[in-house]
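Thanks, everyone. Let me put the model on the screen, and then we'll walk through it.

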Amino acid sequence: MSESSMTRPHATAAHHTSLGVDNRKLGVWAFIGSETLFFATLITTYFVFAPVNRMRPDFQDPREFLDIELTTVLASILLASSLTMVLALSASRRGDRRWFTTWLLATVGLGLAFIGGQAYEFNHLYHEGLTLSSSLFGTTFFVLTGFHGTHVAIGVIWLLSVFFKVRAYPDSPENAMDVEIAGLYWHFVDLVWVAIFVLVYLI
Amino acid sequence: MAIAERTAGTVSPPSVSVRPGWAGWLSTTDHKRIGIMYLVSAFVFFLIGGIEALLMRIQLGTPNNTFLTPDVYNQMFTMHGTTMIFLGLMPLNVGLGNYMVPLMIGARDMAFPRLNALSIWLFIFGGLMLYVSFFVGGAPNVGWFAYAPLTQKQFAPTAGVDYWIVGIGLTGVASIAGALNFIVTILNMRAPGMTLNRMPLFVWMQLIVAFILIFAFPVLTVATIQLLFDRHFGTRFFLPNLGGDAVLWQHLFWFFGHPEVYILILPTMGIISEVLPTFSRKPIFGYAFVAYSGVAIGFLGFLVWAHHMFAVGLGPLANAFFGAASFLIAVPTGVKIFNWLATMWQGSLHLTTSMLYAIGFIGMFIIGGISGITLASPPINVQQTDSYYVVAHMHYVLFGGAIQGIFAGIFYWFPKMTGRMLDERLGKWQFWLMLISFNLTFFPMHLSGNAGMPRRIYTYEAEMGWNLWNLISTIGSLLLAVAFLIFLWNVLTSIRRGPIAPADPWDGATLEWAVSSPPPVYNFAVTPRVRSRRPLWDEKYPHLHEVNGSHEAPVVRRGPLHDGFERETPEAMEPIHLPSPTYAPLIVSVGIMILGFGIIYLGDFGLIAASAMLVGLLIMAAGILSWVRISHVDSPHHAH
């Protein structure tokens with residue numbers, strides 16, 4: 001039987017499991033392993049085509065299009081959302097409902113801000129002439145960052161569903177684990193952005 | 001073959017609510033029912049794939065035949081390959097695993113029963129979507145590997161390729177979800193005492209396959225998404241005339257495609273690692289070697305993908321690396337084969353149908369393995385590539401190997417799953433007919449391939465010198481169809497009139513034989529405790545542990561078996577939590593399927609397709625809501 005609950009801190013030894021790790025947590029870790037290959041493939045594709053793009057007559061230079069200032073702000077927003085996520089989990093384990101709500105909604109808000117920023121960026125690039133079909137850079141850039149943005153959006157929906165579930169069943173002892181695994185996914189998506197930011201925008 | 005004397009296990013009926021009739025199947029979360037749904041639906045797809053193969057064989061039986069048009073022929077080989085791999089072999093293995101893995105590790109269900117239900121529905125809907133393509137302009141006609149740029153809109157204008165992308169996309173999501181389920185179930189839900197190194201080898205292989213799957217499938221997913229964008233949204237990933245890279249598709253596809261081969265074959269290696277010891281009356285020889293050579297195969301499987309691409313011209317260094325890595329896989333594979341042979345050595349062999357198939361597996365797999373070694377050598381490969389020699393090789397591995405292994409498993413576990421024995425006499429007829437006709441069909445392909453006959457041609461001239469081999473192959477394939485009809489007849493009659501199966505008809509060593517046939521909904525009234533790799537033989541033959549590890553003395557069969565784990569009276573039962581039946585996974589899957597249809601037509605009929613996608617998402621959301629609700633009700637804490 002699970003001991004974890006909103007009111008009992010750090011008690012995560014759910015059902016008896018062979019490894020001592022919660023089933024869902026193990027499942028999300030394995031899923032993150034799978035997602036790593038998903039993004040590794042997209043990033044690899046980007047790098048395979050980067051030098052080809054440079055030799056094409058319709059070459060579009062990433063440096064001319066990408067706005068480092070804007071994306072630095074976006075990266076900070078997403079990094080900050082990882083911090084608020086950790087604080088939300090900690091509040092949830094303490095059983096502190098008010099701060100849990102605050103930090104979780106802050107995470108959702110930062111996630112939405114990131115998505116908004118990306119929508120602005122995409123729109124801006126589109127008007128500058130960078131599209132899916134304008135060059136190999138456009139092809140690889142939009143598909144890579146677009147799928148990352150989709151993951152952020154799914155993360156926001158996941159966090160919101162955790163929020164509403166906790167509101168509907170405030171006393172469920174599974175709440176802390178619900179928050180924790182949503183957080184795991186959120187941190188992963190955040191980490192992917194760090195990789196994309198460094199590899200695509202900075203280098 | 002002695003069938004144990006005791007009658008069918010009679011455990012008191014479960015106190016769990018199961019909806020009657022069709023509703024029970026549509027709303028089930030029971031791993032056993034889901035396993036059966038996998039097996040039945042996969043077998044239906046398998047038969048369809050077989051019919052496609054027969055049509056191709058009829059077309060190729062004589063030169064200049066006009067039975068199929070070239071375009072239909074292309075659709076046939078594409079659908080045959082795609083069907084057999086994604087909708088036949090994989091889900092047959094998943095079905096056996098779904099049914100048996102929880103039983104073999106002493107668990108009551110999979111770790112995520114509702115996710116398990118989602119997997120089966122997504123698999124079924126993905127398969128159906130693939131087949132819808134026949135009715136909306138034509139099936140995909142680009143090969144199961146879908147090489148670029150043949151898949152681009154200008155060369156493949158029908159929606160067939162789009163259905164291929166979305167269909168295998170859905171089955172891919174189903175596979176990843178299923179693999180996550182297997183990983184968590186196997187790592188986390190083993191009965192007390194069942195350490196990793198005491199797990200049945202079938203469970204070991206399913207665990208390895210699950211890991212291969214979660215790392216290989218996302219790569220295919222990305223490649224197919226990129227292809228979809230190329231076809232509909234103006235990107236140019238695989239369009240060489242715009243700077244795209246057709247070879248990149250091959251890299252991505254085979255980075256998935258080669259591990260996929262091990263996804264198909266490793267579970268069947270696990271099956272025969274269960275069947276051979278049972279019917280040799282000996283523990284498996286070199287358990288750890290069999291288990292860990294499976295790990296080695298799984299790992300090396302990710303380093304050999306470019307041996308499918310020797311003809312591309314990647315350069316001598318790349319070819320040498322991938323050739324050497326491919327040769328390396330022969331080592332752990334050979335280790336397994338020697339272990340199986342040593343298991344049978346001096347055993348007291350019981351040649352049941354299941355055992356015959358296991359032995360047939362070894363024989364045919366060795367032939368396929370040897371032709372595989374020749375193909376791993378770049379210079380030979382360049383000669384043989386895209387010839388019927390390759391067709392012969394892969395069918396020896398995947399039919400002579402995987403299919404025979406699956407039949408070994410079906411004849412072994414059918415009594416457990418249905419409570420009825422399959423007819424052994426019909427089974428042996430099927431085995432011999434299948435073995436002979438299999439070789440009749442596929443051995444000549446080595447020769448026609450060596451004589452230069454290329455793959456994927458819809459006909460050939462009479463003076464090419466290929467007539468005889470093709471005619472023999474076609475006759476063999478028709479006999480193969482008879483063998484499958486015998487099996488179908490065997491199943492349909494045995495399921496109603498076959499002898500009642502006892503709990504432990506083969507005197508097995510693993511936990512699934514400790515419960516009645518078929519098992520109660522909750523599997524184990526009391527969680528079993530495990531002290532060795534052969535928990536049931538420990539119970540039945542207490543002296544065995546003294547000779548553990550010795551392979552000299554076959555296990556001697558004793559009189560009537562006593563009840564083993566079933567002894568426990570229901571009074572001793574702990575409260576059993578089983579997941580409630582729910583339609584939520586089915587609803588979510590329907591939503592995802594509608595979303596899939598929307599994606600296919602988004603490029604051509606924007607508004608209608610977008611509304612369909614919206615409807616799909618709403619249905620999905622409704623399904624997820626009811627899913628969350630039921631999972632809350634089901635949570636073990638809810639009651640108090």
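Buried residues make up 41% of the 203 residues in chain A. Buried here means 20 or more other C-beta atoms within 10 Å of the residue's own; exposed means 12 or fewer, partly exposed is in between, and C-beta atoms are placed from the backbone. Before going on, the ground rules. This is a predicted model, where local features need pLDDT of at least 70, side-chain atom pairs count only at pLDDT 80 or more, and totals for chains, interfaces and linings use all residues. Residues are numbered from 1 along each chain as its sequence is written, with chains lettered from A and ligands numbered from 1 in the order in which they are written.

Back to chain A. It has 6 helices and 0 strands. The pattern along the sequence reads α-α-α-α-α-α. Helices (H or I, at least four residues) and strands (E, at least two) are DSSP runs, numbered from the N terminus. The C-alpha atoms fill a box of roughly 65 × 35 × 25 Å along the principal axes. Now contacts: two residues are in contact if their C-beta atoms, placed from the backbone, lie within 7 Å. Take the contacts in chain A between residues at least 6 apart in sequence: 77% join residues at least 24 apart.

Next, a helix pair inside chain A. Helix α3 (residues 68-94) and helix α6 (residues 175-202) of chain A pack at about 160°, axes 10 Å apart. Axes are lines fitted to C-alpha atoms, for helices over the stretch in contact, and angles run from 0 to 180 degrees between N-to-C directions. So α3(A) is roughly antiparallel to α6(A). The cut-offs: under 35 degrees is roughly parallel, over 145 roughly antiparallel, 65 to 115 roughly perpendicular, and the rest oblique. α3(A) passes α6(A) in a left-handed crossing. Left-handed means the near helix is turned anticlockwise from the far one by less than a right angle; clockwise is right-handed.

Who meets whom? On the α3(A) side, the residues include L78(A), M85(A) and R93(A). On the α6(A) side, they include W186(A), W193(A) and Y201(A). By class, that contact has 13 nonpolar, 7 polar and 3 charged residues. Ala, Val, Leu, Ile, Met, Phe, Trp, Tyr, Cys and Pro count as nonpolar, Asp, Glu, Lys and Arg as charged, and the others, Gly among them, as polar.

Now the interface. 33 residues of chain A are in contact with 32 residues of chain B. Which helix of chain A gives the most to that side? α1(A), with 15 residues. The chain A side divides into 16 nonpolar, 13 polar and 4 charged residues.

Zoom in on one pair there. Helix α1 (residues 23-55) of chain A and helix α5 (residues 160-188) of chain B have axes that come within 9 Å and cross at roughly 135°. That makes α1(A) oblique to α5(B). The crossing is right-handed. Among the residues making the contact are L26(A) and F31(A) from α1(A), with L180(B) and V184(B) from α5(B). The contact divides into 8 nonpolar, 4 polar and no charged residues.

Over to chain B. The domain assignment gives domain 1 (25-191 + 199-556) and domain 2 (592-640); such bounds come from an automatic or database assignment. Their C-alpha centres lie 31 Å apart. The contact takes 11 residues from domain 1 of chain B and 9 from domain 2 of chain B.

V261(B) counts as buried because it has 22 C-beta neighbours inside 10 Å. Its C-alpha atom is 9.8 Å from that of M90(B), 171 residues apart along the chain.

Most residues other than glycine have a negative phi, and most peptide bonds are trans. The bond from A148(B) to P149(B) is cis, omega near -5°. The bond from S517(B) to P518(B) is cis too, omega near -10°. N64(B), not a glycine, has a positive phi of about 55°. With 8 C-beta neighbours inside 10 Å, N64(B) counts as exposed. Q346(B), also not a glycine, has a positive phi of about 60°. Q346(B) is partly exposed, with 13 other C-beta atoms within 10 Å.
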